[in-house]
Amino acid sequence: LNIMRIPRLQEAYSNKPYYHAMIAFALSQNHLLEEATKECELALFIDSSDPWAHHSLAHILYAQSDIQKGIQWMEKHAHVWANSMSFMHTHNWFHASLFHLDATNYDRVLEIFDSHIWIYRSAQVWPESSTSSSSSSSSSSSPLSLSLSSPKKPVFPVHDKTNTEDQMGAMGVLIKLEIRQTS
């Protein structure tokens, strides 16, 4: 935490929501929930659609055992995760599923798993390049040909089943559901 409070870092990043979201996450992991909440609120004030701030708030609400508020807040803001990188998309949905798991909404947990964590359709999506290449070996579906000029298209692959972080989150949901249903 102290490294995040270095004046040079604060000057450079204090206007970035993810900076405050990361501080909020670290504070929440140290169970400093009041401080974490303040940092998270600042991140959300800067950009209410920041998925890292959503992630931090999920940790805060879960640590406070505020399950219903967690369900409502995460589901209300889930639409912005669609264009996030695969890990952020699936991990925020992982947190939403944990709230539902604690509320014993097991059908919703499986619905979230199937539609947002481990998608059962061909959903590996790369944005198309907005520039054409004269080389016959390049393809607009290649991640190396991405054009970063179009902010409406995601820069990251969405729903990347080869991402080990996504796989671990998916397994975590299923294991927690299995334990919960058998206990």
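Buried means under 20% relative accessible area, exposed means over 50%, and partly exposed lies in between (1.4 Å probe, protein chains only). The structure is a predicted model, in which local features need pLDDT of at least 70 and side-chain atom pairs count only at pLDDT 80 or more, while totals for chains, interfaces and linings use all residues. Residues are numbered from 1 along each chain as its sequence is written, and side-chain values use heavy atoms, with hydrogens and water left out.

**Exercise 1. State which secondary-structure elements the chain contains and what share of its residues is buried.**

Step 1. Helices (H or I, at least four residues) and strands (E, at least two) are DSSP runs numbered from the N terminus, and the chain has eight helices and zero strands.

Step 2. Of the 183 residues in the chain, 40% are buried.

**Exercise 2. Examine helix α3 and decide how its buried and exposed residues are arranged.**

Step 1. The expected span of a helix is 1.5 Å times one less than its number of residues; for the 14 residues of α3 (residues 33–46) this should give 20 Å, and the end C-alpha atoms are 20 Å apart, which agrees.

Step 2. The buried residues of α3 are Leu 33, Ala 36, Glu 39, Cys 40, Ala 43 and Leu 44. They cover an arc of only 140° around the axis, which puts them on the same side of α3, the arc being that of the directions from the helix axis to the C-beta atoms.

Step 3. The cover over these buried residues includes α2 (17–29), α4 (51–63) and α5.

Step 4. On the other side of α3, the exposed residues are Glu 34, Lys 38, Glu 41 and Phe 45.

Step 5. Glu 34, with a relative accessible area of 61%, forms a salt bridge with Lys 38, the closest N and O atoms being 3.8 Å apart; a salt bridge requires a side-chain nitrogen of Lys or Arg within 4 Å of a carboxyl oxygen of Asp or Glu. Glu 34 and Lys 38 are separated by about one helical turn, because they are four residues apart in helix α3.

**Exercise 3. Describe the surroundings of His 100.**

Step 1. His 100 is found in helix α6 (residues 86–102) and counts as buried at 6% relative accessibility.

Step 2. Taking contact to mean heavy atoms within 4.5 Å, and not counting residues up to four places away in sequence, His 100 touches Ile 71, Glu 75, Asn 105, Arg 108, Val 109 and Ile 112.
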